Amino acid sequence: MAMMTDTSPASVRGNHFLLHLIAALALLAIGGGYVLWEVFQFGKVQFNTTNAGIHWGLAIVTYDYFLLTSAGLAMVASLWHVFGLEEFRPVARRCLWLAMAGLIGGVAVLFLELGNPWIALWATPLNMQMASPLFWKVLLVGVYTILLAIVLFGMINKPDAGRNPLMMLVGLLALAITLVAGAVYGMMAMRPMWFGGEIPVVFLIESFMGALAFTVFFSHLKNGFSHGNMRPETRSLFEGTLARMFAISIALHFILHAGRAVTGLWSNAEGLQVWEYLVAQPMFHIALWGCVALPFVLMVLPATRSNGLMQVLASLLVMVGLLISRYEFIIGGQMVPLFKGTWAPDLLPYVPSTGEWALLVLAVGLANVVYAFAAWRLGAEDRG
Amino acid sequence: MDEINTNVSRRRFLQATGVTGAAATVALTIPGTNPERGSAEAQTRRQPNTVVSKNICHQCPARCGIDVYTTDGRVHAIHGNPDHPIANGKLCPKGPLGIYILYDPDRWRGPMRRTNPQKGRDVDPGFVPISWDEALDMVADRLRNLREAGESHRFAMLSGRGWGTTDIGMMGQFGALYGTPNGNIGHSSMCSDGSMKARFFTDGNDSYNAHDYRNCNYLLMFGCGFLEAFRPYNYNMQMWGYMRGKKSPKTRVTAVDVHMNTTLAASDRALLIKPGTDGALALAIAHVILTEGLWEKSFVGDFADRINRFVTGETVTEAATPGPMEDPETGEMVTPEVEGEGFVPRWTHGLVDWWNIELKDRTPEWAAGITDIPAETIRTVALEFGSTRPAMAIFERGAHAHTNGVFNAMAIHALNGLVGAVFARGGMMYQMGPSYGPLPANLADYRDDYAENGPWRQQPRIDMQGHPDGYLLARNMQQEVGPNSLRGEPYKLDTLLFYQNNSIWTAPNGQVWEEALREIFVIDTSPFPSEAGHFADLILPDHSYLERYQDCGPMPLEGFAHAHLRVPAIDPIHDTKYFGDVLIEIGKRMGGRMAEYFEALESSENVLRHMARGFEANPGDNGVDGWDAWVEKGIWYRKPYMWQLRDGTFYEWDGIDYARPMDAEEVKQRLLRTPSGKFEFRSGRLEEHAEWIAGATGRDPATVMFPIWEEPVHPGGGDLYLSTPKVALHAEGRGSNIPMVIAHLQPTVGGRGEAFVEIHPETAAARGIRDLDMVRITSDVGSIEARCRVFAGTRPDTIVLPMEYGHWASGRWSNAVPGGHSGDCTVNQSDRVTGQCMYYSTKVRVAKA
Amino acid sequence: MPNWGMVIDLETCTGCQACTTACAMENSRLPGENWQDVLFYSEGEYPNLNISWLPRPCMQCENPSCVSVCPTRATYVDEGTGVVLVDWNKCIGCKYCMVACPYGVRFYMDEAPVVEPDVREAFPARGRRTWNPPFRMPDEYEDPSKGIGIQPSGVVSKCTFCHHKISQAPEGVADLDEDNPETREYTPACVRVCAPKARFFGDLDNPESKVNELIAEKGGVRLREETGNKPKVYYLSGGGSPVVPGSRSRRG
């Protein structure tokens with residue numbers, strides 16, 4: 001069992017990351033290639049959103065999923081950088097690089113989805129529409145991207161880089177992005193399924209939980225899916241605080257998700273009938289029981305909590321479950337047509353198109369390219 | 001005529017933009033963020049240089065006057081002509097789409113000749129462009145050869161939406177000079193001849209009615225789609241807004257149909273009737289009106305002793321009318337008062353016989369069993385209709401396109417007789433014609449010997465209209481042209497010209513026409529591709545309606561006379577020619593007297609200029625006194641309607657009021673043009689032909705002259721009635737190829753992107769059909785597919801599929817709409833008496849596709 | 001400044017969709033880009049069956065949620081007319097306004113065409129116009145900064161109350177009535193075409209206007225008052241007063 005050394009030069013960091021990079025590039029080529037071919041051939045008309053009412057489809061789900069994961073990862077990194085929790089020092093660098101990877105993957109999808117993304121770059125900051133949550137989101141994400149890049153730049157191939165005071169800002173921005181992202185939906189009084197002051201909190205908990213899942217997964221990936229490969233302090237973090245924190249965040253997510261579903265099922269208010277539809281779908285139960293309740297059990301029981309493979313399983317389940325529930329949330333909120341269509345108003349149907357699935361593949365591929373390249377060449381996995 | 005520029009206040013404009021500028025936010029003034037707003041041009045908006053020309057909408061027969069807006073050579077808007085008594089500045093949903101029709105990318109670019117001798121739905125005609133000279137010569141040569149062979153009768157021209165003198169009028173003239181009985185076979189039997197004939201048999205007018213909705217207090221509507229398809233649709237809706245929104249008292253409306261549509265939904269009462277039984281409902285209403293004593297006595301007459309003896313099941317007698325006798329005191333000849341219990345008719349004929357033979361047992365309870373409408377409802381409707389004046393019963397094809405249609409229609413129109421609605425204020429009347437000037441040449445002077453006495457004289461019309469072996473009393477029998485020619489009875493056609501007509505698709509069971517047209521030289525004159533065009537050997541494309549001069553005679557409105565003119569908005573955008581000029585140019589190439597006549601006509605515009613001279617002596621209310629003014633206004637009209645029935649007396653307009661009483665002979669000549677000069681519940685014209693009708697139909701010659709109940713017969717071999725209504729956006733053949741129509745079609749029968757077949761939930765469930773499933777509709781003559789809309793507003797025994805889509809050669813959009821054409825499984829069956837094509841009599845089977 | 005508003009009388013509306021087609025042709029809209037739609041509903045079973053319809057233009061709200069969510073201020077309230085417009089030079093196509101509009105009146109056409117084949121292919125794009133039909137409105141009317149004319153790609157479009165017409169109206173008129181020759185040319189296309197005269201257009205700030213009279217006399221109501229968007233389109237349904245009084249005041 002070859003121990004990964006703290007200071008291995010780039011050349012000897014191994015085929016491990018190069019293989020990861022190649023695999024990620026392959027994904028990117030498949031997803032991105034298909035998307036770009038479609039966009040050049042047909043335009044963005046291939047994305048399956050329509051004027052009938054589903055305006056934000058899987059692309060926006062993907063974007064928010066990656067963005068919020070990125071923000072969550074920055075928060076996890078802040079536990080050491082800002083709050084000085086030494087326990088989290090072993091994962092802080094990885095989390096920050098993953099945050100950048102997720103951010104790039106998500107924003108790439110957004111740019112491909114938006115009608116005129118380049119206008120957004122100047123028109124948003126110059127027009128100061130402070131009433132719009134999206135204005136703040138764009139602004140915050142912009143500054144976050146720049147500051148995160150600066151922080152990461154300072155770490156490139158500097159395994160001994162210490163806590164960066166800029167991370168106070170990055171963490172704050174990550175927190176704000178999550179809350180504003182929640183507000184984008186939570187403020188929409190005309191969309192009762194989204195509406196509510198708790199949505200930013202829901203997003204906060206989800207992004208933190210998601211970030212922990214990604215931390216778990218990528219830490220295990222780096223260590224060959226074996227706790228035995230971990231350094232002792234890393235191992236104690238994963239078998240101790242992090243696993244417990246993961247369990248608690250899953251529990252909170254379960255409470256909020258199930259709670260909103262129960263409220264939605266009980267209420268007769270127009271717009272909330274979507275919950276009846278959602279709860280009747282197998283996906284809902286796969287997400288709630290298989291991807292939330294099961295990982296919670298795995299992370300609560302002492303026997304499985306500290307088991308590496310169980311942790312990886314739980315993290316994968318949470319990643320998938322989060323994607324499903326984000327999808328159900330964003331699509332579900334739009335399923336009640338607002339003065340569109342005819343006859344007895346049914347819920348609107350929506351099935352992601354091949355192009356939209358390709359966007360997801362593209363995002364996964366691109367994020368992994370960034371991470372794997374950083375790990376291979378920029379010292380993302382060099383012990384700090 | 002630059003209407004836009006004249007009224008704009010520039011000052012107001014500058015102010016508005018100036019304030020906008022001052023109030024602009026910081027963000028809006030950042031350089032580069034808003035180049036258009038920041039530019040000097042934006043401060044003083046450029047005014048478009050718009051020309052407005054007059055035209056008449058072409059998308060239904062209503063003749064709405066339209067203002068066509070053209071800017072920089074592009075036609076970009078159509079609005080209702082505000083000075084036009086039909087449009088009144090308004091339009092129906094079809095009107096604005098005319099600008100798309102002009103620029104329809106599927107339009108023919110110029111004359112073309114077929115190169116592929118094979119014909120069929122999936123066969124490429126192989127059209128190649130030719131010059132107009134070649135094309136016209138080809139037709140003239142062909143017709144001349146036919147004439148020289150003594151077979152000129154084998155040339156026929158079929159018209160669809162004809163407009164006036166320079167199109168269908170010219171067809172008739174061409175036929176008369178050329179020598180064919182088939183000069184202009186109209187489509188009226190495939191429209192609503194049953195309605196005209198019912199009026200002809202009862203009040204003597206072979207026409208649709210004009211209506212005085214403005215003063216009507218009760219409308220009883222049978223299968224006429226008043227808010228979807230009834231003409232003039234635009235005007236109807238204007239009247240609807242008035243009757244239902246402004247008028248006091250609000251006009252009450254009961255509507256009868258076989259499915260819930262917007263008309264029924266907007267009415268006070270909606271009755272879903274069993275298809276083909278409208279006559280039974282009308283008879284029961286008549287029964288109640290009589291037994292309750294609600295008939296209009298000043299018009300219908302009354303019992304001599306004024307005691308109502310119309311009692312269910314009991315017969316009545318007509319009073320013996322005593323002859324004039326000498327007054328013993330004065331020695332003058334006088335007509336004594338009728339005494340006793342007999343009925344004394346006034347302006348009606350045959351009520352007593354009708355009651356005794358038919359009506360006395362036609363109770364609401366009887367009708368309930370036939371119509372599916374509860375007896376109590378029928379009684380309520382009858383009491384309302386009978387006790388509200390003025391009231392009108394209006395109807396169209398939904399009621400009479402059935403095997404018993406003539407009787408259904410007569411029974412409904414008889415209600416108008418009973419309540420005295422004909423020629424009354426708030427009732428219905430007939431359309432007066434315009435006073436055109438004479439044509440440049442007199443046709444009779446130019447008929448050569450062949451035209452007068454050629455062998456064609458011995459030949460019947462191809463459709464057997466007017467022939468004892470065919471349809472003796474019908475106006476046209478266009479639906480028979482294809483089948484007759486295919487059978488060779490009475491003969492096979494050689495050459496067939498279509499004008500505004502696509503009966504290969506619109507006729508029921510058009511598959512037969514496809515066979516027939518394979519062996520005929522077909523000329524199509526439509527500006528657009530169509531199924532007829534797909535089978536054509538020669539395409540001579542017309543201008544679109546925004547590119548041509550054309551007269552439009554009146555369609556029934558409020559009775560007063562009107563005459564309309566199309567004025568081109570722009571030069572033709574393709575190498576097309578107005579159909580009237582095509583006929584004139586062919587005529588000029590025919591040689592002999594015929595050519596001389598058409599040389600004398602010169603051109604359709606010249607004909608129109610001559611017609612307009614008639615306005616010089618008789619200027620319109622809008623000052624139109626000749627050609628120039630007609631072009632400027634687009635319409636000549638003169639109000640008022642000349643006659644009115646009031647309290648049992650007919651009056652003629654005397655210049656101030658309806659004040660000059662008319663005698664019985666005048667009424668017979670001008671208004672009630674029946675053999676008796678009365679409104680006939682016992683039809684003299686049907687009685688005259690009772691033996692022929694009995695022979696042709698097997699009916700009882702003793703009762704065929706009355707509005708009677710006859711059980712409808714439903715061919716097709718299925719178990720569900722197939723109803724195929726037209727919808728509001730049905731733009732006469734072109735709606736199906738307009739993407740905006742396909743996107744918008746009213747969803748009670750249509751949908752976004754296609755048309756649905758409506759099926760009742762129980763009917764659907766019994767066949768395992770779910771909402772939005774594709775279903776197969778099958779009859780003995782054919783089978784089509786359509787997407788199902790499960791709809792509780794359709795009768796369980798009926799399916800409803802609009803006649804709109806299912807085209808296969810009418811343009812790229814119509815071809816792409818999913819679903820079949822209702823005509824492909826509609827049986828071609830006609831009323832032997834009226835000639836009406838029975839579009840709604842077929843029964844079909846439905847199964848999941 | 002006039003505060004333009006519309007009144008739609010559901011009692012006389014016949015559901016004919018002339019407003020829809022007149023709007024589409026006046027404003028050069030794509031098939032299915034129904035700035036002015038008519039929505040049809042049906043429920044129940046005959047004889048207790050109800051078909052109803054609702055003409056639905058943009059409500060031109062006083063508190064438009066679409067304006068406050070737009071991250072670039074591409075959507076804004078026009079100062080001169082009170083109409084909500086879209087500046088196509090600034091619209092990024094994020095569709096947040098479509099999500100935030102309680103009335104579903106916004107359109108994004110860079111999607112699969114509602115009707116196949118795509119009419120845009122028959123009239124191919126030229127310059128910034130994503131299609132170029134010859135029957136489009138005069139060039140002089142087009143103003144991308146107000147969302148008038150044929151849109152460039154990737155932007156949201158919406159009803160402008162025929163801004164190119166109403167903005168030229170004579171100063172101080174209370175109503176833009178198609179039956180008045182003085183105001184006919186400035187009347188929105190959907191109002192001008194309406195055969196049963198179920199639509200009225202006028203200045204809500206002018207106490208003399210016909211629209212104010214109708215709202216008062218016939219009890220005009222607005223859709224979805226609970227959102228607080230305060231539409232400037234009022235619906236009449238035949239009664240002398242609304243069946244259910246609005247829970248919010250009309251003004252302010």
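Student: How many residues of domain 1 of chain A are in contact with domain 2 of chain A?

Tutor: 17 residues of domain 1 touch 19 residues of domain 2. Contact means that the C-beta atoms, placed from the backbone, lie within 7 Å. This is a predicted model: local features need pLDDT of at least 70, side-chain atom pairs count only at pLDDT 80 or more, and totals for chains, interfaces and linings use all residues. Residues are numbered from 1 along each chain as its sequence is written, while chains are lettered from A and ligands numbered from 1 in the order in which they are written.

Student: Which elements of domain 1 give two or more residues to that side?

Tutor: Helix H1 (15-42) and helix H14 (354-377) of chain A. Elements are DSSP runs numbered from the N terminus: helices are H or I with at least four residues, strands are E with at least two. H14(A) gives the largest share, 12 residues.

Student: And by class?

Tutor: That side of domain 1 has 14 nonpolar, two polar and one charged residues. Ala, Val, Leu, Ile, Met, Phe, Trp, Tyr, Cys and Pro count as nonpolar; Asp, Glu, Lys and Arg as charged; the others, Gly among them, as polar.

Student: Where are the domain bounds in chain A?

Tutor: Domain 1 is 15-48 + 352-377, and domain 2 is 49-350. The bounds come from an automatic or database domain assignment. Taken over C-alpha atoms, the two centres are 20 Å apart.

Student: Switching to chain B. What is the strand order in the four-stranded open sheet?

Tutor: S10-S9-S8-S16, with parallel pairing. Strands pair if DSSP finds at least two bridges between them.

Student: Which strands are at the edges?

Tutor: S10 (269-272) and S16 (391-395) of chain B, each pairing on one side only. Neighbouring strands are turned by 15 degrees against each other on average, direction ignored. Axes are lines fitted to C-alpha atoms, for helices over the stretch in contact; angles run from 0 to 180 degrees between N-to-C directions.

Student: How many bridges join S8 to S9 there?

Tutor: Five, between residues 218-222 and residues 252-257 of chain B. B:Leu220 stands opposite B:Thr254 in S9(B).

Student: Which helix lies across this sheet?

Tutor: H15 (375-387) of chain B, running at about 135 degrees to S8(B).

Student: Last topic. How many residues of chain C are in contact with chain B?

Tutor: 63, against 71 residues of chain B. Elements giving two or more residues on the chain C side include helix H1 (18-26) and strand S2 (37-45) of chain C. H1(C) gives the largest share, seven residues. By class, that side has 28 nonpolar, 15 polar and 20 charged residues.

Note on methods:
Two residues are in contact if their C-beta atoms, placed from the backbone, lie within 7 Å.
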